[in-house]
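Open the model in your viewer and keep the selection panel ready.

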Amino acid sequence: LQDARTRDFTHACSCRHSSHLVDFTAQHHLAAHHVAAMWRGAVDSEGLPHGRGTLTLGKRARFEGRMAHGSRDGVGCLIVDEGASDSEDGDDEPALSTLRVRWRRDAPWGAGVFTEPDGATVHGVWEDGELRGAAHERHADGSVRYVGAYGGGVRDGVGVEVRADGGALAGTWSGGQLHGDRCAYLFPCADGGALVGEWRDGRMA
């Protein structure tokens with residue numbers, strides 16, 4: 001019973017949250033280089049955005065914050081409607097994700113908070129556009145979802161994910177998935193207990 005149950009949990013451990021964050025933070029590069037942008041705010045002597053304002057990045061995204069000579073620089077918030085399509089006549093329900101962080105040279109750089117459409121959050125420090133180092137994730141109700149290391153914008157290093165049933169996945173993460181020689185699923189039952197073993201790419205080997 002424990003093995004079957006664990007397989008279910010490891011299959012669910014595809015780390016949608018981490019990959020979702022990588023997809024989202026990539027928007028600041030994609031939007032800046034591939035979508036016609038419209039700036040509402042002050043400009044410098046060369047006509048480049050400079051100061052506080054709103055940068056509209058196509059239909060799906062916008063940046064609200066400070067810019068310096070055409071680049072995002074200072075505190076700002078990238079807002080992406082993940083429910084919107086690229087077609088002009090789309091009538092999709094809005095599903096807003098936001099990244100509120102300090103920017104440097106047009107990339108997120110510093111302590112910030114990523115908020116998903118359902119209200120769940122990821123807190124950490126961005127460096128050159130990627131979330132790295134110690135981070136923690138919380139559900140919309142404030143309860144802990146994950147505490148541990150990030151690298152390259154995904155879970156990477158030692159960390160613990162708290163499951164919806166009260167159990168937990170603990171050990172080393174690599175590329176957003178549980179991966180290591182001694183990782184464990186901690187059972188949520190009153191008597192405790194854990195299933196410890198080798199995990200590869202989010203599944204028990």
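Select Arg155 and Glu137. The two form a salt bridge, with the closest N and O atoms 2.8 Å apart. The term means a side-chain nitrogen of Lys or Arg within 4 Å of a carboxyl oxygen of Asp or Glu. This pair links distant parts of the chain: Arg155 is in strand β10, Glu137 is in strand β8 (residues 130-138), and 18 residues separate them. Strands here are DSSP runs of E, at least two residues long, and helices are runs of H or I of at least four, with numbering from the N terminus. Arg155 and Glu137 are both buried. Buried means under 20% relative accessible area, exposed means over 50%, and partly exposed lies in between (1.4 Å probe, protein chains only).

A note on the source before you go on. This is a predicted model, where local features need pLDDT of at least 70 and side-chain atom pairs count only at pLDDT 80 or more, while totals for chains, interfaces and linings use all residues. Residues are numbered from 1 along each chain as its sequence is written, and side-chain values use heavy atoms, with hydrogens and water left out.

**Widen the charged selection**

Together with Glu137 and Arg155, they are linked in a network of salt bridges. How many salt bridges does the structure hold? The count is eleven.

Next, pick Asp181 and Arg200. Their salt bridge has its closest N and O atoms 2.8 Å apart. Asp181 lies in strand β13 (residues 180-186) and Arg200 in strand β14 (residues 194-200), so the bridge ties together parts 19 residues apart in sequence. Asp181 is exposed, at 55% relative accessible area. Arg200 is partly exposed, at 29%.

Then go to Glu127 and Arg132. Here the closest N and O atoms of the salt bridge are 3.6 Å apart. Glu127 has a relative accessible area of 37%, so it counts as partly exposed. Arg132 is partly exposed too, at 33%.

**Show the rings**

The charged end of Arg155 sits over the Trp173 ring, 5.0 Å from its centre. The rule asks for NZ of Lys or CZ of Arg within 6 Å of the ring centre and within 35 degrees of the ring normal. For another case, select Arg104 and Trp109: Arg104 lies over the face of Trp109, at 4.6 Å from the ring centre.

Now turn to ring against ring. Rings of Phe, Tyr and Trp (its six-membered ring) pair if their centres lie within 6.5 Å; planes under 30 degrees apart are stacked, over 60 edge-to-face, and the rest tilted. By this rule there are four aromatic pairs. Take Tyr146 and Trp173: their ring centres are 5.5 Å apart and their planes stand at 85°, so the pair is edge-to-face. Tyr146 is in strand β9 and Trp173 in strand β11 (residues 168-174), so the pair links distant parts of the chain, 27 residues apart. Both residues are buried.

**Go to the interior**

Select Arg72, in strand β4 (residues 71-81). Is this residue buried or exposed? Arg72 is buried, with a relative accessible area of 1%. Its side chain makes a polar contact of 2.8 Å with that of Asp106. Such a contact is a pair of N or O atoms within 3.5 Å; within protein, one must be able to donate a hydrogen and the other to accept it, and residues adjacent in sequence count only if both atoms are side-chain atoms.

Trp103 is buried, at 1% relative accessible area. The C-alpha atoms of Trp103 and Arg72 are separated by 5.9 Å, though the residues are 31 apart along the chain. A polar atom of the Trp103 side chain lies 3.3 Å from the backbone oxygen of Val101.

**Finish on the surface**

Select Val144, Val147, Val160 and Val162. They make a nonpolar surface patch of about 240 Å². Patches take residues with over 30% relative accessible area and no salt bridge, joining like charges within 9 Å and nonpolar side chains (Val, Leu, Ile, Met, Phe, Trp, Tyr) within 5 Å. Accessible areas come from the Shrake-Rupley method with a 1.4 Å probe; for residues, only the protein chains shown count as cover. Strands β9 (144-151) and β10 (154-162) each supply at least two residues of the patch. Val162 is partly exposed, at 32% relative accessibility.
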